Amino acid sequence: MSSKSYFEEPGEDSSKLAKKAKDSPFMIVGIAGFVAAGLIGAYKYRHRGTMSTSVFLMQLRVAAQGTVVGCLTIGLAYAMLNEHILKKSDENKLNKQ
């Protein structure tokens with residue numbers, strides 16, 4: 001049994017979720033989008049009309065996964081922009097001085 005705990009220990013200053021949110025904020029946005037898609041889907045399930053349950057759940061799964069993948073893609077693009085494009089322009093400014 002590992003002594004590593006997945007829960008916050010008493011006396012720890014920062015939680016693991018806060019650290020993860022700081023490292024990759026778009027992952028948290030993706031998780032929130034996934035939860036929102038699930039809650040909206042649960043509400044719309046009651047008003048699905050003649051659509052079968054399996055088709056409805058398949059469409060809901062695709063929407064939820066699309067939300068998470070979209071947020072992670074935007075986050076990666078943002079990180080790459082900051083790391084490669086904006087970093088080079090900062091280096092060029094320093095070289096000119």
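Which residues in α1 meet Pro-25, Met-27 and Ile-28 in α2? They are Leu-17, Lys-20, Ala-21, Lys-22 and Asp-23, where contact means heavy atoms within 4.5 Å. By class, the contact of α1 with α2 has 5 nonpolar, no polar and 3 charged residues. Ala, Val, Leu, Ile, Met, Phe, Trp, Tyr, Cys and Pro count as nonpolar, Asp, Glu, Lys and Arg as charged, and the others, Gly among them, as polar.

The model is predicted: local features need pLDDT of at least 70, side-chain atom pairs count only at pLDDT 80 or more, and totals for chains, interfaces and linings use all residues. Residues are numbered from 1 along each chain as its sequence is written, and side-chain values use heavy atoms, with hydrogens and water left out.

**Overall layout**

The protein chain has 3 helices and 0 strands, and its pattern along the sequence is α-α-α. Helices (H or I, at least four residues) and strands (E, at least two) are DSSP runs, numbered from the N terminus. Of the 97 residues in the protein chain, buried residues make up 8%. Buried means under 20% relative accessible area, exposed means over 50%, and partly exposed lies in between (1.4 Å probe, protein chains only).

**Helices α1 and α2**

Two packed helices are described by the angle between their axes and the distance between the axes. Helix α1 covers residues 16-23 and helix α2 covers residues 25-45; their axes come within 5 Å and cross at roughly 110°. That makes α1 roughly perpendicular to α2. Axes are lines fitted to C-alpha atoms, for helices over the stretch in contact, and angles run from 0 to 180 degrees between N-to-C directions. Angles under 35 degrees count as roughly parallel, over 145 as roughly antiparallel, 65 to 115 as roughly perpendicular and the rest as oblique.

Met-27, in helix α2, counts as partly exposed at 26% relative accessibility. Leaving aside neighbours within four places in sequence, Met-27 is in contact with Lys-20 and Leu-72.

The structure holds 1 aromatic pair. Tyr-45 and Phe-56 form this pair, which is tilted, with 5.6 Å centre to centre and 55° between the planes. Rings of Phe, Tyr and Trp (its six-membered ring) pair if their centres lie within 6.5 Å; planes under 30 degrees apart count as stacked, over 60 as edge-to-face and the rest as tilted. Tyr-45 lies in helix α2 and Phe-56 in helix α3 (residues 53-96), so the pair ties together parts that are 11 residues apart in sequence. Tyr-45 is partly exposed at 32% relative accessibility, whereas Phe-56 is buried, with a relative accessible area of 11%.

Arg-48 belongs to the loop between α2 and α3 and is partly exposed at 28% relative accessibility. The charged end of Arg-48 sits over the ring of Tyr-45, 4.2 Å from its centre. A charge sits over a ring if NZ of Lys or CZ of Arg is within 6 Å of the ring centre and within 35 degrees of the ring normal. Not counting residues up to four places away in sequence, Arg-48 touches Thr-53 and Phe-56.

**Pairs separated along the chain**

The table lists C-alpha separations for three pairs of residues.

| Pair | Distance along the chain | C-alpha separation |
|---|---|---|
| Ala-36 and Thr-67 | 31 residues | 9.6 Å |
| Ile-74 and Phe-26 | 48 residues | 7.5 Å |
| Met-27 and Val-69 | 42 residues | 9.4 Å |

Ala-36 has its place in helix α2 and is partly exposed, with a relative accessible area of 34%. Ile-74 has its place in helix α3 and counts as exposed at 53% relative accessibility.
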